[in-house]
Amino acid sequence: MYIFVVTLIKFNTMIVKEISFDNEAREKLISGVNKIANAVKSTLGARGQTVLIESENHIGGVTITKDGVTVAKSIALMDPTEDLAVRIIREAAEKTANEAGDGTTTAIVLTQAIIDAASQRIKKGMNLTDIIRTMQESTDSILKALDKKKKKITSKKLIDVASISANNDKEIGNIIASAYDKVGMNGVVTVENSNGSDTWFSTSEGMRIKRGYMSRYFITDQKTEECILENPHVLVLNSTVENMSSIEHVLADVLQNGKSLLIIGDVDAKVMNTLNLNKVRNGLKVCVIQPPEFGWKKDQLMQDVAIATGATYFSEDTGDNFQLVRMQDLGSARKVIVDNINTIIVRNEDPQVNQDLESHIAKLWDVHESSKDQEFIKKRIAMISGKIGVIHVGANSDIEQKEKKDRVDDAVCATRAALEDGILPGGGVALKEIADDLAKLGVGESQRVAMKILELSLKAPFYQILKNAGIKPEEIEPNLDPGIGFDVKNDRYGNMIKMGIIDPCKVTKSAVSNAISIASTILSTNAIITNVREK
């Protein structure tokens, strides 16, 4: 019998703080912003450069990447105030990656550009609060302008989006597009390492639940910040686990046999602490996610998940006592991937479970005909009848495989974003066109200054892509027609979408909104309190 316990240790320590104010505080913050942004922005565009990172957490202590969020995560500075700036900028990048799956470099380039333009344009005596408020209020207008420019994606353009995000790798672009073609709009595509040098994809039955892990202690892959469980058992319950004794016998069996467990249900904080402790000390392979939806919708979706995984559904509403759960009441899956937002369940090919699921889906379609909430019924069917595409990334060395997997991860997320919210002219063209329109707006000093800051900053990705290609911006025609830009890879002008140079609209919108938010926070900071470091 395994005993699960919690040990709480309380430390009373005094940490000495250092305080800086006004210009001194902001200058150090801006210095930190510039250091992380300068490292990241060199990767932007078709001719962006790679970054070499020394890290004990990566294969051979070396990482070679063009992934902006990977570069951002690797940076920690000695100066505490500069390091605060790095962490704030990293938050903008990670939030963009979480929302849209890509666009981390663009978010950082925009943030630096806003801060740089504000430092030059905001003079002593101007109303800083009004200027920042105007920039924040302009966010919605910029996002609406992007929505007006977006176009629905086609199969051919899907390949272009995937290829561009994979650093203009057509082979990867074709593989990703083929994977999404197989799984359809309701499907999910994930990325794994291949055992050989070839890159290929496979498909299997599965589903995605829009709930992430309830504790970061469950993470098994620190690079992707995901919890990955191989061949896990699945416990599905519509009750709160209030003490460990109610599930201890199941956990003991899982731990003893080296298995893993996904719990879909509500868990008390004390139980969560105990699971965290046993994950760290005993290597317990477990992950807990909250049930999808709320109220009556939650109950129905949980039933669907139970049927799809072959689990017994324990619900307080039907008087079930989940404390009597046995191993044979648990469902199963081939693989589970959980991040902070989503849970992907790759189903086993169990004939009986598949037969029960097909029968359940048929019943849902029958109910759909007479239901008052047909959209929710369709959502239920889509969730449990979806497919999971897996791209297996191959390479000739561990370092090459890691770099390639980073690119494929970005490309998969960018492709999903394009499917969800359409596409825009790439190469920074869409933001540049909106910037030209902003230049005509502004009534009064604060508004004019705010619009000028946004105008200059929205052009920054366009100019940075040219700079990374070794092209001087003044060499490019200043007044291009809408949608027309410069292909830095092939040295030609043309319609960006027709040339296949495309950005997902969702990615661009997320980068803009997060950049304005983070830059506003830094610009409005007047005092910084940091821990005193030992010299």
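Student: Which helix gives the most to the lining of the largest cavity?

Tutor: That is H16, with 3 residues. Keep in mind that this is a predicted model. Helix H16 (460-468) and strand E16 (484-487) each supply at least two residues of that lining. The complete lining is Gly427, Val429, Phe462, Ile465, Leu466, Gly485, Phe486, Val488 and Met496.

Student: What makes this space a cavity?

Tutor: A cavity is a set of points where a 1.4 Å probe fits but cannot get out, whereas a pocket is an open set.

Student: How do you know how the lining of the largest cavity divides by class?

Tutor: Val, Leu, Ile, Met and Phe count as nonpolar, while Gly counts as polar. On that basis the lining divides into 7 nonpolar, 2 polar and no charged residues.

Student: And what is the volume of the second largest pocket?

Tutor: Its volume is about 970 Å³. Of the 46 residues that line this pocket, the closest to its centre are Gly45, Ala46, Ile164, Ser165 and Asp503. Its lining comprises 18 nonpolar, 17 polar and 11 charged residues. Helix H6 (residues 155-165) provides the largest share, 5 residues.

Student: Asp160 is found in helix H6 too. Why is Asp160 called buried?

Tutor: Buried means under 20% relative accessible area. Asp160 has 6%, so Asp160 is buried.

Student: What is Asp160 in contact with, leaving aside its neighbours within four places in sequence?

Tutor: Its partners there are Lys170, Gly500 and Ile502. Also, Asp160 and Ile497 are 337 residues apart in sequence, with their C-alpha atoms 9.1 Å apart in space.

Student: Now to Val234, in strand E7 (residues 233-241). Is Val234 buried or exposed, and how do you know?

Tutor: The cut-off for buried is under 20%. With a relative accessible area of 0%, Val234 is therefore buried. Beyond its neighbours within four places in sequence, Val234 is in contact with Leu261, Leu262, Ile264, Thr309, Ala311, Leu330, Gly331, Ser332 and Ala333.

Student: How many Å separate the C-alpha atoms of Val234 and Arg87?

Tutor: They are separated by 36 Å, and the two residues are 147 apart along the chain.

Student: Which residues of helix H12 (residues 374-384) are buried?

Tutor: They are Phe376, Ile377, Arg380, Ile381, Ala382, Met383 and Ile384. These buried residues pack against strand E5 (200-209), helix H10 (295-309) and helix H11 (351-370).

Student: One last pair. Why are H13 and H17 called roughly perpendicular to each other?

Tutor: The axes of helix H13 (residues 398-421) and helix H17 (residues 505-523) cross at roughly 100 degrees and come within 7 Å. Angles of 65 to 115 degrees count as roughly perpendicular. The crossing angle falls in that range, so H13 and H17 are roughly perpendicular.

Student: Which residues make the contact of H13 with H17?

Tutor: H13 contributes Ala417, Glu420 and Asp421, and H17 contributes Cys505, Lys506, Val507 and Lys509. Since Asp, Glu and Lys count as charged, and Ala, Val and Cys as nonpolar, the contact has 3 nonpolar, no polar and 4 charged residues.

Note on methods:
Residues numbered from 1 in each chain as written. Predicted model: local features only at pLDDT ≥ 70, side-chain atom pairs only at ≥ 80, totals over all residues. Heavy atoms only, no water. Axes fitted to C-alpha atoms, helices over the stretch in contact; angles between N-to-C directions. Helix = DSSP H or I, 4+ residues; strand = E, 2+ residues; numbered from the N terminus. Parallel < 35°, antiparallel > 145°, perpendicular 65-115°, else oblique. Contact = heavy atoms within 4.5 Å. Buried < 20%, exposed > 50% of the residue type's maximum accessible area, 1.4 Å probe, protein only. 1 Å grid on protein atoms, 1.4 Å probe; cavity = no way out; pocket = protein on both sides within 12 Å on 5 of 7 lines; lining within 4 Å. Points joined across faces, edges and corners; volume = space filled by probe spheres on them.
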